Amino acid sequence: CVMRIVYLLYTPCTMRGHALWELTPDACGKAGYVLQIAVNGQLPPGYELQYYQQPLFFILGGLWAKGVNVLLTLWGKSDFLVLADVSRWVACAASCLILPVASRLFDLFEIRDYGKCFGMMLVSFSPVFYLMGGWIGEDSLLVLFMALALLVTGYYEKQPSYKNIILLALIYGFGMMTKISMAVPALYTAYVFGKMLWKEMHKGKLLKQFALFAVISVPLGLWFNVRNLILY
């Protein structure tokens with residue numbers, strides 16, 4: 001975590017950046033996406049270039065930048081570069097949170113001691129986690145939601161309670177609000193759901209829980225696409 005945070009602090013968003021484009025609110029890159037929310041308080045007025053991206057990371061980053069901007073304005077140090085730069089703190093926090101989630105995933109799949117040590121070393125020191133946690137973009141938050149989806153799917157399989165299914169639905173809903181690639185771990189969750197239905201004699205309870213999962217996750221995950229379809 002210390003290495004991730006230090007990397008964030010000494011690396012500006014313009015170094016090793018990804019699809020930033022111009023650092024202005026009216027640009028169609030990822031920096032402009034964040035600044036549109038931080039400065040104007042609204043979602044992108046279009047669907048071009050990076051504006052098609054799902055909005056959760058940019059909403060969180062933009063709101064965080066908007067809050068920090070209040071302090072920066074008092075010191076006379078606020079500008080578009082700084083506002084865009086501080087949005088990366090959301091990505092860095094997600095990169096750090098991946099570590100305890102990965103640890104619990106190893107426990108869930110009963111990978112312990114020697115194997116878990118090497119697994120955690122891989123997650124801790126792979127350069128991609130530092131890069132994702134240090135640029136303006138949704139990938140770090142997406143990986144966190146993917147790991148959480150696998151973890152909570154395992155918990156739900158062991159204990160099919162309404163608490164676990166609601167938590168899983170929120171993870172998938174917010175994950176899809178982060179990036180459509182969240183559909184990849186959904187294949188594993190669908191497999192687990194099918195396996196549970198096959199084994200469970202009392203299918204009525206499970207079907208109600210699956211319906212609740214859909215009612216929560218689908219609107220959360222797809223509202224932005226419906227919005228864009230209607231507006232643009």
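How closely do the axes of helix α9 and α10 come, and at roughly what angle do they cross? In this predicted model, local features need pLDDT of at least 70 and side-chain atom pairs count only at pLDDT 80 or more, whereas totals for chains, interfaces and linings use all residues. Residues are numbered from 1 along each chain as its sequence is written, and side-chain values use heavy atoms, with hydrogens and water left out.

The axes of helix α9 (residues 162-178) and α10 come within 11 Å and cross at roughly 155°. Helices are DSSP runs (H or I, at least four residues) numbered from the N terminus; axes are lines fitted to C-alpha atoms over the stretch in contact, and angles run from 0 to 180 degrees between N-to-C directions. Helix α9 is therefore roughly antiparallel to α10, a term applied to angles over 145 degrees. Contact, defined as heavy atoms within 4.5 Å, is made by Ile165, Leu168, Tyr172 and Met176 of α9 with Ala183, Pro185, Ala186, Thr189 and Phe193 of α10.

Helix α8 (residues 139-158) also packs against α10: the two axes come within 9 Å and cross at roughly 5°. This angle makes α8 roughly parallel to α10, the term for angles under 35 degrees. Residues of α8 in this contact include Met146, Ala149, Thr153 and Tyr156, and those of α10 include Tyr188, Thr189, Val192 and Phe193.

Thr189 lies in helix α10 (residues 183-199). Thr189 counts as buried because its relative accessibility is 2%, buried being under 20% relative accessible area with a 1.4 Å probe and protein chains only. Apart from residues up to four places away in sequence, Thr189 touches Ala149, Thr153, Leu168 and Tyr172. The side chains of Thr189 and Tyr172 are joined by a polar contact of 2.5 Å; such a contact is a pair of N or O atoms within 3.5 Å, of which, within protein, one must be able to donate a hydrogen and the other to accept it, and residues adjacent in sequence count only if both atoms are side-chain atoms.

The largest nonpolar core has 58 residues, and Tyr156 and Phe193 are among those with the most contacts inside it. Such a core is a set of buried Ala, Val, Leu, Ile, Met, Phe, Trp, Tyr and Cys residues joined through side-chain atoms within 4.5 Å. Its largest share, ten residues, comes from helix α5 (residues 88-108). Tyr156 touches Phe193, as well as residues including Ile165, Met196 and Phe210.

Note on methods:
Buried means under 20% relative accessible area, exposed over 50%, partly exposed in between (1.4 Å probe, protein chains only). Helices (H or I, at least four residues) and strands (E, at least two) are DSSP runs, numbered from the N terminus. Angles under 35 degrees count as roughly parallel, over 145 as roughly antiparallel, 65 to 115 as roughly perpendicular and the rest as oblique.
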